[in-house]
Amino acid sequence: MNDRNVEAMEFVLELVSNGIVDPAAVSYTTDNMSAQWKDGKAGYGLFQVNVPQRVGDTSGDLLVADPIKGPHGDKATIVFPNNIMMYTNTPSQDASEEFLVYYLGQLKQLWQKKLMSALPVFKSITEIPEFANDPNNVKIVKDWQPIAKTFAAQGSKLNANLAALDGGQALNQFSQTIITGKADAKTALQTFQSGLESVLKK
Amino acid sequence: MSSTTTQSGLARARRGVAPGGPGTVPGKRKSKLSAQATRTFFWLLLPSVVLLVLIHGYPLIYAALQATHDGNLLQTGNFVGVQNFSTVLTSPAFWKAAQFTLWFTIVGVFGSWLVGLGLALLLRTKIPAGNTFKVLLLLPWVVPIVVSSTAWNWLVATPDSLIPSLFRNLGLGTPLFLADPTLASVTVMVFKVWVSFPFMMMMISAALASVDTTVYEAASMDGASRWQQFTQITLPLIARSTYISWILMTIFCVNDFPTIYLLTGGGPVSATTSLVVLAYRTVFQDFATGPGVAIAFLMTMTLVVISVILYRQIRKSSVE
């Protein structure tokens with residue numbers, strides 16, 4: 001926990017206390033959130049790249065906003081990469097590598113056929129018309145991707161507990177505590193830190 | 001007629017005893033199995049017993065192994081004795097979940113029993129389209145929980161869902177049924193009662209069907225009121241089925257994962273986290289198998305104790 005964490009959470013708590021954050025959001029499923037976007041109940045939000053696809057026709061009313069700037073002038077957002085893992089105990093390392101190269105070479109088709117709405121890893125895919133014709137996609141790549149960081153951005157080494165850290169009870173509890181405004185920023189962050197530390201000790 | 005006469009008449013009615021006296025009670029036959037018959041039964045039962053031990057024994061032993069180690073989903077880890085149990089028992093999250101589980105079970109068992117009993121008694125009377133109502137009333141139990149929880153979510157999740165809108169239009173504010181910790185707990189319990197009452201209704205209907213109607217006629221002749229007939233004939237005569245349904249529903253409630261998890265995910269801020277949800281989260285979200293399985297073990301032991309107590313009640317009610 002540091003001063004910037006406290007400052008950021010105090011900002012979120014201020015949004016909560018002013019009723020800017022939907023008080024029911026703490027229990028929303030992804031479908032509930034999509035419904036709120038579709039019904040025009042959400043004015044601004046941090047959601048997935050594929051919001052328009054999830055929500056359906058919004059007649060161009062759903063736009064990617066500029067990244068907001070913190071009081072110290074810094075900008076950031078969070079990104080969740082989906083890794084492709086190749087195991088060392090595969091029956092044939094060569095065949096696995098060959099398949100991976102083939103698979104990565106075919107990825108473009110997923111965006112060309114509009115079967116994939118996540119952000120592509122390859123720059124070449126961001127340049128295909130099916131992707132680049134959507135101004136929201138262009139803005140995400142241009143303005144948001146450069147400032148995006150993962151949960152592990154501060155880490156200097158691999159940690160096998162990352163799944164327990166980013167999907168565990170501590171994070172869940174922390175985010176719900178903040179959104180319901182049930183604790184002040186420092187208390188919530190201290191509890192969160194203790195929860196993360198107990199996972200790391202395992 | 002004095003109340004003493006009414007009471008004795010009701011007691012006689014329950015026992016099926018005529019005013020003239022109890023008549024001849026047939027003596028109890030004591031059956032003694034020969035040694036050979038015992039051996040035969042033993043060999044006939046053995047395959048089933050072996051199968052049961054294999055089916056239940058292996059996971060139980062493996063679970064005991066995990067509960068006494070500090071492993072995760074991939075590795076068993078080091079032996080830590082009862083440390084996982086002490087960690088769990090000193091954790092506030094465990095006691096908060098235990099408290100919620102207790103309330104959830106009490107409301108789930110007795111709420112569904114009361115609704116089921118009321119409807120079973122109502123359906124016993126001659127009402128038009130009674131069988132159609134019976135089928136319709138079974139739907140909450142029959143419909144897959146994924147479907148019904150989704151339907152309930154649509155009804156209450158957002159401020160613009162149907163039920164909050166209804167409250168708002170009635171001038172009762174906009175209750176956040178799944179976002180407010182207290183209301184979320186109440187909503188989950190009401191949902192559980194709604195899902196479970198058909199089971200209770202069926203159990204009680206079956207028990208009521210076996211009650212001889214002449215007992216009520218005898219009680220009426222002795223001057224018993226409807227309330228006296230209900231409390232002193234109906235309830236005692238369906239006591240056995242009631243205790244069985246309580247045991248089953250207690251087990252259903254304590255072990256209920258989907259009802260809670262699909263509606264609230266255990267939130268907000270763990271307000272609806274029951275022990276089974278906590279065990280799941282500990283094992284599959286924190287990847288701490290030891291404490292998670294220890295929670296499951298503690299739940300099992302508690303359930304066994306409760307079941308034994310209620311089972312004794314069944315035997316007691318049978319003797320009476």
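Okay, let's start with a definition: a residue is called buried under 20% relative accessible area, exposed over 50%, and partly exposed in between, using a 1.4 Å probe and protein chains only. What we have here is a predicted model, where local features need pLDDT of at least 70 and side-chain atom pairs count only at pLDDT 80 or more, while totals for chains, interfaces and linings use all residues. Residues are numbered from 1 along each chain as its sequence is written, chains are lettered from A and ligands numbered from 1 in the order in which they are written, and side-chain values use heavy atoms, with hydrogens and water left out.

Now, the aromatic rings. Rings of Phe, Tyr and Trp (for Trp, its six-membered ring) pair if their centres lie within 6.5 Å; planes under 30 degrees apart are stacked, over 60 edge-to-face, and the rest tilted. Over all chains, the structure holds 25 aromatic pairs. Take A:F99 and A:Y102: their ring centres are 6.4 Å apart and the planes sit at 40°, so this pair is tilted. Both residues, A:F99 and A:Y102, are exposed. They are three residues apart in helix α4 of chain A (residues 93-112), so about one helical turn separates them. Helices, by the way, are DSSP runs of H or I with at least four residues, numbered from the N terminus.

Over in chain B, the rings of B:W141 and B:F252 have centres 6.1 Å apart and planes at 45°, so that pair is tilted. This one links distant parts of the chain, with B:W141 in helix α5 (residues 130-142) and B:F252 in helix α11 (residues 239-254), 111 residues apart. B:W141 is partly exposed at 36% relative accessibility, and B:F252 is partly exposed at 31%.

So, where do the chains meet? Counting contact as heavy atoms within 4.5 Å, 20 residues of chain B are in contact with 22 residues of chain A. Together the two chains bury about 1700 Å², 52% of it on carbon and sulfur atoms; buried area is the accessible area (1.4 Å probe) that two parts lose on being put together, summed over both. On the chain B side, B:V269, B:Q285 and B:D286 lose the most area to chain A, together 30% of what that side buries.

How many salt bridges are there between chain B and chain A? The count is one, with a salt bridge being a side-chain nitrogen of Lys or Arg within 4 Å of a carboxyl oxygen of Asp or Glu. A:K41 forms a salt bridge with B:D160, and their closest N and O atoms are 3.7 Å apart.

How values were computed:
Helix = DSSP H or I, 4+ residues; strand = E, 2+ residues; numbered from the N terminus.
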